[in-house]
Amino acid sequence: MSKQTPTEHTPQNPHHAQPSGLFHWFEQRTGLNRLLHHTLDEPIPGGARFAFIFGSGLLFIFLSQVITGIFLALYYVPSVDHAHVTVAYITKVVAAGSFLRSLHVYGASAMVIIVLLHLSQTFLYGSYKGKRELLWLSGTVLFTLVMGMAFTGYLLPWDQKSYFATAVGTNVASEVPLIGGFAKRMLRGGNQLGTLTLSRFYAMHVLYIPLLIFLFMAIHIYLFRKAGAAGPISESPIHPAQKTESFYPRQLVMDLGFASLLIVALGFAAFIAPAALGPLANPADTHYLPRPDWYFRPLFEWLKIWHGQAEFLRILVIPTIIVFLFVALPFLDRSPERRPWRRPLAVGIYSVVFIALISLGAYSYYQDAHDKDIAAQLALQRKAQQQYMKTPFQPQLVGAPLPGAAQAKKAPASPLAIAGRKIFESHGCFACHGEGAVGTAIAPRIIGIGNKFSEEQMENLFQHPTAKMSAGGMPHFQFTPNDVKALRAYLDSLQ
Amino acid sequence: MTTVSNQQNEEPSRPSEPIQDIRVLEGRRSFFLWLVAIGSATMGALLSIPLIRYALYPVFAKTTSAPWSKLGNKNQYASISAPVRKTIDIEQVNGWMKSVSRKPVYVTKGNRKGSLEGTEVLSAVCPHLGCDVPWNADAKKFMCPCHGSVFAPDGSLVQGPAQRGMDTLPIKTEEDVLMVRYEYFQALLSNKKLVG
């Protein structure tokens, strides 16, 4: 243990002082302490600020989503016939299930809000400038992935709300020129919104998108550390000159304070107003008015608002321009100027888009509240949801209907059939062929066997069973022709 | 690596007494370290409570043992001369799902283990290999058509290959109503053993 660690040693810094024993042994092999120091000593030009808390806030919320999501998967089943009942089970039965699901649902909204705040802060502070194009690009990918998580997660409970919102959402894809129809079928796994859609959305939500998020988060953080923190708007984006302060301790405490605040707020919301679950999706419900969650409302309104002439502007030209400006921002805006008031064009476009989105969303809610018919229907839907939340959990009846339930109850029609039933029961035929002759694992269903064999054939079979019958353990019965007739009548009556 | 003297804009230019500065700052650094560590640990512990309760829910949830099924007023069986075949519907809840199965039983006279005031309820499942055993009214015996095991009216073994008599089921009466709890028993054993 006398070897020097590869760690940098500075005598003034006790944190880097020669450690000893187990810690030293561990550090030599992992370098974790060094990595921790590298992480915590990230220099921030101009010092710690509350404006810089959103990135790590996102990291924390994402972590919370991963943890709650993993736990939700303990009970959830992604198939049309079980999805809703399992979510109802989580919500109504499992200890803390409603709380964890609410954390996850509200966490999704929080994620979208903070991603917008993070994006706005980066934009307004001009933090994308100075060789940070790839950093911004990886951010736009992450933004898309977060919205993808929100979109795919919404369907999973398979209640009325999620079913119809996703029906509309996937229809939007078909508006894309040329590839629209294909995109929609690709999302849905066919033309219909059904169990294949649910499987796809589930796989996207828990495997594909999270993997991409982890990957791009790593890229994003790596590129961020490579380029260095951009600091305040007064700082040069390329040659930072201001005094730096290390991330630890002040920025870390601010970040953690923000994370704690978020978690406490989410926990409070989840506790006070648990996320609701509506009744099971009923695709045949023609009255249901689909409404997406708030973060897709502006898009929803945009697609509704303007029909008829110049359609191509609405669905192609304007969205393409906005997406292009968003993605290509660091390539288009190359001046080192960071102060927002000196960047009127960029900030102007940003404000217009932002205000337009808020207005569209607000207008959508305004319309819903002021159209009497719509408001009444939406109130009805909310009421159905509240009603469903109040009803106690009903386990789902699975498996085949009761063996022979229908047959056993049906009274044999003729006296001959009644006599046949007596023979069937007294000779223990049900032991192998089941109550009501429905068949079991060891012997076949023999209901309506008269359609297959004539009376003579049946008599013959009783006297000379086939090899298969003997091997299956069919006993040798001495039935009179009348017995066979009665049995036939009984077995026919069960059809 | 940042050096400690970069502490924001406080004391902008005082390179003197560096050692003292470091001590003060290190003191503050370790204070923050403790703050962060304790804060995170508390937060983590608080958040893990619902997670643990959630994950352990089915472990500690009270298992719904097969419920008691009604077989009607016990007096109707007071003077039966032969075993009476009855079917009961059993509802089994398994997490979020529920299944209903219909099972045949015999109400009969007897004083074997599990009887109540001279009445027994037998599982119709043959203790040999699980066939549904019918009552043969002519022979006045239970005769299994699968492998020929024969049982007396009270279910006791008359002739193999079964190694034990037909299994009695737990019964009770509630306000004169005969109730039975359906159970499954291991096949091929000489003594009755409940299947988990």
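A polar contact is a pair of N or O atoms within 3.5 Å; within protein, one atom must be able to donate a hydrogen and the other to accept it. The tour below applies this term to a predicted model.

**The interface of chains A and B**

Begin by selecting the residues at which the two chains meet: 60 residues of chain A are in contact with 44 residues of chain B. Together the chains bury about 4600 Å² between them, and carbon and sulfur atoms account for 67% of that area. Between chain A and chain B there are 5 residue pairs in polar contact, with both residues at pLDDT 80 or more, whereas the count of salt bridges is 0.

Next, select helix α10 of chain A, residues 247-272, which supplies 9 residues, the largest share of the side of chain A that touches chain B. By class, that side of chain A comprises 36 nonpolar, 16 polar and 8 charged residues.

**A strand pairing across the chains**

Now select residues 396-397 of chain A, which form strand β3, together with residues 97-109 of chain B, the strand β3 of that chain; the two run parallel and are joined by 2 bridges. Within this pairing, centre the view on Gln396(A), which stands opposite Met97(B).

**The disulfide of chain B**

Finally, select Cys131(B) and Cys146(B), whose sulfur atoms lie 1.9 Å apart in a disulfide. Over all chains, the structure holds 1 disulfide. The link is left-handed, with -100 degrees about the S-S bond. Cys131(B) sits in the loop between β4 (119-123) and β5 (135-136) of chain B, and Cys146(B) in the loop between β6 (141-143) and β7 (150-151), so the pair ties together parts that are 15 residues apart in sequence.

Technical notes
Residues are numbered from 1 along each chain as its sequence is written. Chains are lettered from A and ligands numbered from 1 in the order in which they are written. This is a predicted model: local features need pLDDT of at least 70, side-chain atom pairs count only at pLDDT 80 or more; totals for chains, interfaces and linings use all residues. Side-chain values use heavy atoms; hydrogens and water are left out. Contact means heavy atoms within 4.5 Å. Buried area is the accessible area (1.4 Å probe) that two parts lose on being put together, summed over both. A salt bridge is a side-chain nitrogen of Lys or Arg within 4 Å of a carboxyl oxygen of Asp or Glu. A polar contact is a pair of N or O atoms within 3.5 Å; within protein, one must be able to donate a hydrogen and the other to accept it, and residues adjacent in sequence count only if both atoms are side-chain atoms. Helices (H or I, at least four residues) and strands (E, at least two) are DSSP runs, numbered from the N terminus. Ala, Val, Leu, Ile, Met, Phe, Trp, Tyr, Cys and Pro count as nonpolar, Asp, Glu, Lys and Arg as charged, and the others, Gly among them, as polar. Two strands pair if DSSP finds at least two bridges between them. A disulfide is a pair of cysteine sulfur atoms within 2.5 Å.
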